[in-house]
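Open the model in a viewer and keep the sequence panel beside it. The stops below say what to select and what is there.

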Amino acid sequence: MAYQALYRKWRPAGFDEVSGQEHVVTALRNQVRYGRVGHAYLFSGTRGTGKTSIAKIFARAVNCENPQDGSPCNECAMCRAINAQRSVNVIEIDAASNNGVDNIRRIREEVVYPPTEGKYKVYIIDEAHMLTPGAFNALLKTLEEPPEYVIFILATTEAHKVPATVVSRCQSYEFRRLPSETMKARLREMADSEGIKAEDEALMFLARRGEGSMRDAISLFDQCAAFAAGETLTYDKAAQVLGVADTSVFRDMLDSVLRQDAGRALQLFDGAVMGGRDISQFNSDFIWYLRNILLLKNPGAEAVIDASADSINEMKARGEDISEERLMYYLGVLSELSQSLRFSSNKRVPAEIALIRLCRPETASSPEALASRLEIIEEKLENGVFTVQAAGNAGSRSRSGTGAGEEDAAGNAAEEAPTMQEAMPEDIQKIIAGWDRIRAGIGGAAGALLQNASVSEGGQGQIMLYIPDSGFGSKFIDGHREELEKYFSECVNRKVNLKLVTRAQYSDSSNRFFDIAKTVRDLNRIIKSEE
Ligand SMILES: [Zn+2]
């Protein structure tokens with residue numbers, strides 16, 4: 001028994017069976033119902049979205065002897081003749097291979113004769129944008145004065161290549177990419193009626209891989225169903241058949257990008273390409289991988305991720321150390337890449353450039369890139385790759401606790417030292433003395449921000465902290481609140497509550513704030529003068 005591809009077998013026989021494209025179906029149906037059929041139609045949109053299927057249904061519907069609610073009955077002589085491809089009323093032309101003037105001239109000669117049976121001669125011209133300018137001109141002449149029994153349906157994935165003069169003669173319908181849910185529902189219907197056992201996750205995965213093209217999704221399903229051969233089609237099996245089960249290459253890729261190891265990233269890429277991966281596909285798979293990690297940083301996002309439980313857990317863990325901003329920066333670079341891959345004959349070079357950009361956010365200036373850069377600096381600080389100019393070393397000096405400074409003691413701190421010492425609360429002295437240790441303990445970008453902090457004693461054991469670039473800085477520091485409270489408590493030997501103050505609170509406060517860096521500078525000057 002010859003095997004019939006599922007997408008042929010499941011080609012919709014009537015408008016009711018069409019998935020999606022409701023706006024097109026309703027309009028065409030009503031035209032049949034009320035006998036208001038036009039003479040020229042332009043069906044445009046992504047491949048596999050139902051343009052030819054709908055054109056064929058329409059061709060039968062206009063010829064049907066007994067249409068049902070605008071849909072062909074598929075039982076009358078005309079319907080059967082067309083379905084069996086015995087009728088001369090429906091003529092399909094593939095413009096990709098019949099694009100010349102001669103082909104269209106032949107049509108013009110034919111259309112002179114009315115149909116011998118049925119009502120309409122329907123010409124379905126697929127890939128219409130492939131027609132030559134001469135052919136379009138010839139077609140235009142027919143479209144200007146079409147015989148009443150002729151219908152042209154031009155189907156194209158590239159409507160912008162069809163001359164405006166032709167478009168203006170046509171009723172234009174845009175076919176949209178189908179939502180994954182719609183495609184999944186159709187696949188479920190097929191699976192059940194074909195007796196193919198399949199997990200919902202597997203069908204959703206195939207629907208998403210179809211990227212809006214029903215035909216693609218069905219072909220993928222066909223491929224996977226054949227492989228599952230009687231067993232249940234699971235997500236993992238589907239992923240295996242389609243060659244995406246192995247996310248390890250993306251995991252390694254992400255690792256090298258995070259380490260800014262462009263050399264390794266390029267090696268991995270080379271390995272994948274040499275192993276037969278399509279560059280565009282590789283890029284979109286990597287995008288999906290990162291997108292999943294990004295989404296999984298939000299609770300409850302598992303529901304929209306088509307992946308096995310294991311890989312979901314793994315991606316969740318992976319995302320813990322990476323900020324959303326950083327992931328968005330990566331996704332931005334890769335999305336740009338997928339755009340440029342479309343128009344590029346050499347896909348390799350733009351892909352490699354993008355990889356290098358991922359590894360070197362310092363060359364970019366977007367906010368995401370800046371955030372990514374900040375994190376890298378933070379990591380380097382943590383790992384001691386380089387150190388920030390220290391504010392001072394009061395904490396390491398044995399005499400630090402005895403000296404003191406004050407914010408308004410700028411020029412002549414040395415002379416005023418005794419009064420200042422008196423003026424500075426003991427707890428504040430202790431905290432300033434331990435400041436370097438605290439900053440080192442907090443580390444990273446937060447530690448660096450603390451360099452500019454001012455402190456004050458609030459009531460009830462509170463320590464108030466002000467970071468000059470209040471908004472962003474304070475928020476950042478707030479993330480380290482617990483640690484800071486722990487350090488402060490250690491310094492002063494009692495429990496401390498930290499209060500982060502805003503710029504307004506800082507300037508309105510009657511409390512005396514001590515600019516730590518400045519205090520330490522003054523302190524050092526005092527120590528020096530005493531020596
Ligand atoms: Zn019929």
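## Stop 1: an antiparallel helix pair

Helix 14 and helix 16 are roughly antiparallel to each other, a label for angles over 145 degrees, while under 35 counts as roughly parallel, 65 to 115 as roughly perpendicular and the rest as oblique. Helices here are DSSP runs of H or I with at least four residues, strands are runs of E with at least two, and both are numbered from the N terminus. This is a predicted model, in which local features need pLDDT of at least 70 and side-chain atom pairs count only at pLDDT 80 or more, whereas totals for chains, interfaces and linings use all residues. Residue numbers start from 1 along each chain as its sequence is written.

Select residues 279-296 for helix 14 and 324-342 for helix 16: their axes come within 10 Å and cross at roughly 160 degrees. Axes are lines fitted to C-alpha atoms, for helices over the stretch in contact, and angles run from 0 to 180 degrees between N-to-C directions. The crossing of helix 14 and helix 16 is left-handed, meaning that the near helix is turned anticlockwise from the far one by less than a right angle; clockwise would be right-handed.

Next, show the side chains at the contact. Helix 14 contributes residues including Ile279, Phe286, Leu290 and Arg291, and helix 16 contributes residues including Glu324, Leu327, Tyr330 and Leu341. Contact requires C-beta atoms, placed from the backbone, to lie within 7 Å. By class, the contact of helix 14 with helix 16 has twelve nonpolar, five polar and two charged residues. Nonpolar covers Ala, Val, Leu, Ile, Met, Phe, Trp, Tyr, Cys and Pro; charged covers Asp, Glu, Lys and Arg; the others, Gly among them, are polar.

## Stop 2

Move to helix 13 (residues 262-274) and helix 17 (residues 348-359), which pack at an angle of about 145 degrees with their axes 9 Å apart. The crossing of helix 13 and helix 17 is right-handed. Ala262, Ala265, Leu266 and Phe269 of helix 13 meet Ala351, Glu352, Leu355, Ile356 and Cys359 of helix 17. This contact of helix 13 with helix 17 divides into eight nonpolar, no polar and one charged residues.

## Stop 3

Select the open sheet of five strands, ordered 2-3-4-1-5 with parallel pairing. Two strands pair if DSSP finds at least two bridges between them. Strand 2 (90-94) and strand 5 (171-175) are at the edges with a single partner strand each, so one side of each has no neighbour in the sheet. Neighbouring strands of this sheet are turned by 15 degrees against each other on average, direction ignored.

Leu42 stands opposite Leu154 in strand 4 and opposite Ser172 in strand 5. Ala40 has Phe152 as its bridge partner in strand 4.

Is strand 1 buried or exposed? Six of its six residues are buried, so strand 1 is largely enclosed by the rest of the structure. Buried means 20 or more other C-beta atoms within 10 Å of the residue's own, exposed 12 or fewer, and partly exposed in between, with C-beta atoms placed from the backbone. Ala40, Leu42 and Ser44 are buried on one side of strand 1, and Tyr41, Phe43 and Gly45 on the other.

## Stop 4: Arg177

Follow the chain to Arg177, in the loop between strand 5 and helix 8 (180-194). Arg177 counts as partly exposed because it has 18 C-beta neighbours inside 10 Å. Apart from neighbours within four places in sequence, Arg177 is in contact with Thr46, Thr49 and Gly212.

## Stop 5: the mixed sheet

Finally, select the four strands that form an open sheet in the order 8-7-6-9, with mixed pairing. Strand 8 (497-501) and strand 9 (514-515) are the edge strands, each pairing on one side only. Strand 7 (residues 462-466) pairs with strand 8 in the parallel sense over five bridges. Helix 24 (residues 481-492) packs on the sheet and touches strand 7 and strand 8, its direction making about 125 degrees with that of strand 8.

Methods:
Contact = placed C-beta atoms within 7 Å.
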